[in-house]
Amino acid sequence: MKVSSVSENACLIQVGDQISESLTAVIAKLSSAIEEILGDALIDLIPSYTTLLCIYDLNKVDDLWMLKTLRQITQEVGTNQNHEVNTLESLGRLIELPVWYDPEVGYDLEEMASDKQMSHAELIQLHTAKEYRVFASGFMPGFAYMGSVNAALATPRQKTPRKAVAAGSVGIADTQTSVYPAQSPGGWNIIGRSPTRLFDISRGDKAALLQVGDRVRFLSIDKATFLELGGQLG
Amino acid sequence: MANLHIIKPGWQSTLQDLGRQGYFRSGLSEGGALDEIAFRWANALLNNPSNAACIEILMGDFEAEFEQATCIAITGADLGCTLNGQAVANWQSLAVKKGDRICFNSPETGLRAYLAIAEGWQTPIQFGSRSTVLREKLGGLDGDKLKAGQQLAYQANSEAPMQTLKPQWIPNYNAELILKVLPSYQYEQFSETAKRRFFTSEYIVSQRIDRMGYRLEGPAVMAANQQLISEGIAMGAIQVPPDGQPIVLLKDRQTIGGYPKLGCVGSLDCSLLSQQAPGKQVRFELSDVATVQIERRLFERKLRCFNSKRS
């Protein structure tokens, strides 16, 4: 793991070079250790696929102290990593997201299924069969990048992004999958819609449902259940 | 509690404080006053808490009326501010009376003026901040810029010191601007030639500038590797998309991104950059983390001295 100063109040920890679920688990472990040791000198952490950005209060600590402290933490977590890796894999909350997979809300479901020469049911089965890991958050509040989808489902982004993708839309981009927390322009291939609110200001600190490191499983539901759970058409 | 009645909202007037911290990991932008230097002085002139919300007024065309007497401070860009039609000097605090009408007209120097009020504008706090992030529809009165007919609450009849900032502490937005750069992120992936070109060339502020970032135009600099796994973006990061034209990312930047970055511009230089209009020439200078941290701490000390001397 490589630790470096990137700005006057941020250090970057490079945990690895390749996207993998075990890396995300290590990043989660690092995050909690850093929060504990830095206390109020820590402003925020931005975990991503292979990195962890630590933003700190430069009026409390300087970069030399930060580099030294972060290097100690990465060493400790790194040494414990090997024999704990199995438990790490299963760490993280499991969140189930109901999805109504249907061409009525899944704009690209028909085309994806025909391109891949599979039935709707096969496509849905492949998307729901796997447990995904949240690798990163960003793009918009509550948007979680999850992976990795079955290779047979991998699809490049739309060449021209849609002007408006509805809130709750479940999409695939390359080997990743995600749910749009709010209506937004977007280029992901949309296969269904979830009635679950991914970002809700009224939940306060828990506004974003999904956090990096969480595990997610999609459950196929029918239209009636979708509407019953508060899903919106249109 | 009294209200400020917005008569003309201007191009883009938004409520800003020091920004939203602790929610980057949920994908929320930092937000906050783009020119932190002017913002901090506006509050210091009133002896306000450093995080009290101000109105950030972009380029003027703003008019509003005070319902009750209070004290205000004006800093940042000189937008030809008037009170009841009389010119008001920038970088000072002053008393206003019931029915006083304040106008910010058009830019003389700089782009963004800050209108602070004793004890701060009393708008709702969302995720620990009053800052407006337009893209996220968060902060301000309704997640948007101010609109005609809206009312902003404030504490009436607040007492605050009447003071003016020393001329030598007032930033000169017309001066030559050299942005100090901490080499970091993918710095090593740029060739020696590209780096030399970057640090020896003039770059021009383009038309594509907003609260997310300032896009500059000049000699292209390309990273050897364009494929990057998305990572967290720090304030002031210099992002270089495939066309090689650098973008300095500011307060409303997204939290993660996958373009190569050459390093980060110091936050105080970012403040000065945010006052520059299209066409301004800027240069970059290689610096280091210690230099910009010291500069930032000296600024904090200056503010502390200013407020303690007063009382």
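## Notes on the two-chain model

Let me start in chain B: B:Gln245 counts as buried because its relative accessibility is 13%, where buried means under 20% relative accessible area, exposed over 50% and partly exposed in between (1.4 Å probe, protein chains only). This is a predicted model, in which local features need pLDDT of at least 70, side-chain atom pairs count only at pLDDT 80 or more, and totals for chains, interfaces and linings use all residues. Residues are numbered from 1 along each chain as its sequence is written, chains are lettered from A and ligands numbered from 1 in the order in which they are written, and side-chain values use heavy atoms, with hydrogens and water left out.

1. **B:Gln245.** This residue sits in the loop between strand S16 (237-239) and strand S17 (247-249) of chain B; helices (H or I, at least four residues) and strands (E, at least two) are DSSP runs, numbered from the N terminus. Leaving aside neighbours within four places in sequence, B:Gln245 is in contact (heavy atoms within 4.5 Å) with B:Arg215, B:Leu216, B:Glu217, B:Gly218, B:Pro219, B:Ala220, B:Gln239 and B:Val240. B:Cys305 is 60 residues from B:Gln245 along the chain, and their C-alpha atoms are separated by 40 Å.

2. **B:Ala38.** Here you are inside helix H1 (residues 36-45) of chain B. B:Ala38 has 0% relative accessibility and so counts as buried. Its contacts, apart from neighbours within four places in sequence, are B:Thr75, B:Gly76, B:Trp91, B:Tyr114 and B:Tyr173. B:Pro171 is 133 residues from B:Ala38 along the chain, yet the two C-alpha atoms are separated by 8.4 Å.

3. **B:Thr123.** Look for this one in the loop between strand S10 (109-117) and strand S11 (151-154) of chain B. B:Thr123 has a relative accessible area of 5%, so it is buried. Not counting residues up to four places away in sequence, B:Thr123 touches B:Leu15, B:Arg130, B:Gly140, B:Leu141 and B:Leu152.

4. **B:Gln189.** The loop in question runs between strand S12 (177-183) and helix H2 (192-200) of chain B. B:Gln189 touches B:Ala223, B:Ala224 and B:Asn225, with residues up to four places away in sequence not counted. From B:Gln189 to B:Glu295 there are 106 residues in sequence and 28 Å in space, C-alpha to C-alpha.

5. **Chain B as a whole.** The chain has four helices and 20 strands, and 60% of its 311 residues count as buried. Along the principal axes, its C-alpha atoms fill a box of roughly 60 × 40 × 35 Å. Of the contacts between residues at least 6 apart in sequence, 76% join residues at least 24 apart.

6. **Surface and charge of chain B.** The accessible surface comes to about 11800 Å², and 50% of it belongs to carbon and sulfur atoms; areas come from the Shrake-Rupley method with a 1.4 Å probe, and for residues only the protein chains shown count as cover. There are 33 positive and 31 negative side chains, with the centres of the two sets 3 Å apart. Lys and Arg count as positive and Asp and Glu as negative, while His and the chain ends are not counted; each charge is placed at NZ of Lys, CZ of Arg, CG of Asp or CD of Glu.

7. **Chain A as a whole.** Turning to the other chain, we find five helices and 13 strands. Chain A is as compact as a globular protein of its length, because its radius of gyration of 19 Å is close to the 17 Å that the globule rule gives for 234 residues. The C-alpha trace spans about 55 × 35 × 30 Å along its principal axes, and 53% of the 234 residues count as buried. The accessible surface of chain A is about 10300 Å², 50% of it from carbon and sulfur atoms.

8. **Helix H4 of chain A.** In this helix (residues 120-129), A:Leu123, A:Ile124, A:His127 and A:Thr128 are buried. Viewed down the axis of H4(A), its buried residues fall within an arc of 125°, so they line one face of the helix; the arc is that of the directions from the helix axis to the C-beta atoms. Their cover includes helix H3 (109-115) and strand S6 (132-137) of chain A.

How values were computed. Rg over C-alpha atoms; globule rule 2.2 N^0.38 Å.
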